[in-house]
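I opened my notebook to record, entry by entry, what I looked up in this structure. I begin with the contacts between charged side chains and move on to strands, turns and loops.

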Amino acid sequence: MKKTSALILTLIMALLVLASCAGQPANDGGNTANTLDGSQFKTLQDVFDFIGDSEDYEYSYTDEYFATAFQSDNVYYRVIAQMTPDILQALYDLEFDDDWSENIKKTAAPLEITTFENLNDKMPSQTELDKYVGKTGQDLFDEGWDYWYYNLEDMIAGMSFELFNYSVAFEYDGEQMENTDDFDFYEAFKDLKIKSVVCDGIGNATWMPEEE
């Protein structure tokens with residue numbers, strides 16, 4: 001496991017929800033005249049200039065990289081820049097005040113971009129998601145899926161896995177569960193079979209494999 005920063009910085013807890021995956025990503029898989037190819041972005045400063053005052057983006061950093069995700073014309077993109085020791089230390093030294101977020105951007109701006117990705121292209125197809133039907137909640141938990149809400153009346157849970165959020169419906173024919181103060185979602189749903197999984201759009205857009 002690679003060491004990551006103790007602070008994972010996120011400006012937006014959930015980006016604007018894209019259209020349901022339903023077999024194809026939004027915006028025709030990003031194949032439109034307005035799709036960015038990333039050639040205009042050399043440093044993070046270029047990205048921050050492009051984003052401007054938009055709040056529809058998020059970022060995080062570790063001791064190895066700085067990742068920023070943003071949306072343009074219904075397509076979500078992620079850029080990854082290689083972290084340097086001096087900028088990492090400068091980020092650690094920033095004071096947590098009203099200008100903190102802007103100072104993070106100013107400090108990280110010189111970092112050079114190494115990767116540009118169209119996140120819409122990474123969305124799983126509905127065919128891929130249908131492979132989960134009949135499996136159990138525990139199968140999802142074992143893969144690393146987490147939840148961020150649940151509806152005990154309809155037995156539907158909002159779940160997150162890697163880059164995306166999902167709506168997961170479970171089979172259940174017993175007495176309705178009670179949402180008590182000590183309700184344990186993982187225990188209650190671990191043996192329930194999955195009825196359907198639908199992609200709700202981008203979740204943690206700056207997720208990286210080494211964070212696992």
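**Entry: salt bridges**

I looked up Arg78 and Glu117 and found that their side chains meet in a salt bridge, with N and O 2.8 Å apart. The pair links distant parts of the chain, since I find Arg78 in strand S3 (residues 75-82) and Glu117 in strand S4 (residues 113-118), 39 residues apart. I note here that the model is a predicted one.

Next I followed Glu117 to Lys122, with which it forms a salt bridge whose closest N and O atoms are 3.4 Å apart. Lys122 counts as partly exposed because its relative accessibility is 39%. Which residues do the salt bridges with shared partners join into one network? I listed Arg78, Glu117 and Lys122 as its members.

I also looked up Lys105 and Glu102, whose side chains meet in a salt bridge at 3.5 Å, N to O. I asked why about one helical turn separates Lys105 and Glu102, and the reason is that they are 3 residues apart in helix H4. Lys105 counts as buried because its relative accessibility is 9%, while Glu102, at 41%, counts as partly exposed. My search of the whole structure gave 4 salt bridges.

**Entry: a patch of negative charge**

I turned to the surface and found a patch of negative charge, in which Glu95, Asp97, Asp98 and Asp99 gather. I picked out Asp98 and placed it in the loop between helix H3 (85-93) and helix H4 (100-108). With 81% relative accessibility, Asp98 counts as exposed, because the cut-off for exposed is over 50%.

I asked how many residues of strand S1 (residues 57-61) are buried, and I counted 5 of its 5, which leaves the strand mostly covered. When I checked which way the residues point, I saw Tyr57, Tyr59 and Tyr61 on one side of S1 and Glu58 and Ser60 pointing the other way, and I noted that all are buried.

I then looked for the partner of S1 and found that 5 bridges join it to strand S2 (residues 65-72), with the two running antiparallel. A hairpin of 3 residues connects S1 to S2, and I noted that Tyr61 stands opposite Phe66 in S2.

Past S2, I looked up Asp73, which lies in the loop between S2 and S3. Asp73 has a relative accessible area of 43%, so I recorded it as partly exposed.

I went on to strand S5 (residues 146-151), which 5 bridges join to strand S6 (residues 156-161), and I noted that the two run antiparallel. I found that Asp146 has Ser160 in S6 as its bridge partner. There are 4 residues between the strands in the hairpin of S5 and S6, where Met155 takes a positive phi near 55°.

I followed S6 onward to strand S7 (residues 164-170), to which it is joined by 6 bridges, again in an antiparallel arrangement. For Gly158, I found the bridge partner Ser167 in S7. The hairpin formed by S6 and S7 has 2 residues between the strands, and Glu162 in the turn has a positive phi of about 55°. Glu162 is a residue other than glycine with this positive value, and I recorded it as partly exposed because its relative accessible area is 37%.

**Entry: Lys190**

For my last entry I looked up Lys190 and placed it in the loop between helix H7 (185-189) and strand S8 (194-202). Its relative accessibility is 24%, so Lys190 counts as partly exposed. I then compared Lys190 with Phe141, and found them 49 residues apart in sequence but 7.8 Å apart in space, C-alpha to C-alpha.

Conventions:
Residues are numbered from 1 along each chain as its sequence is written. This is a predicted model: local features need pLDDT of at least 70, side-chain atom pairs count only at pLDDT 80 or more; totals for chains, interfaces and linings use all residues. Side-chain values use heavy atoms; hydrogens and water are left out. Patches are made of residues with over 30% relative accessible area and no salt bridge: like charges are joined within 9 Å, nonpolar side chains (Val, Leu, Ile, Met, Phe, Trp, Tyr) within 5 Å. Accessible areas come from the Shrake-Rupley method with a 1.4 Å probe; for residues, only the protein chains shown count as cover. Lys and Arg count as positive and Asp and Glu as negative; His and the chain ends are not counted. The place of a charge is taken as NZ of Lys, CZ of Arg, CG of Asp or CD of Glu. Buried means under 20% relative accessible area, exposed over 50%, partly exposed in between (1.4 Å probe, protein chains only). Two strands pair if DSSP finds at least two bridges between them.
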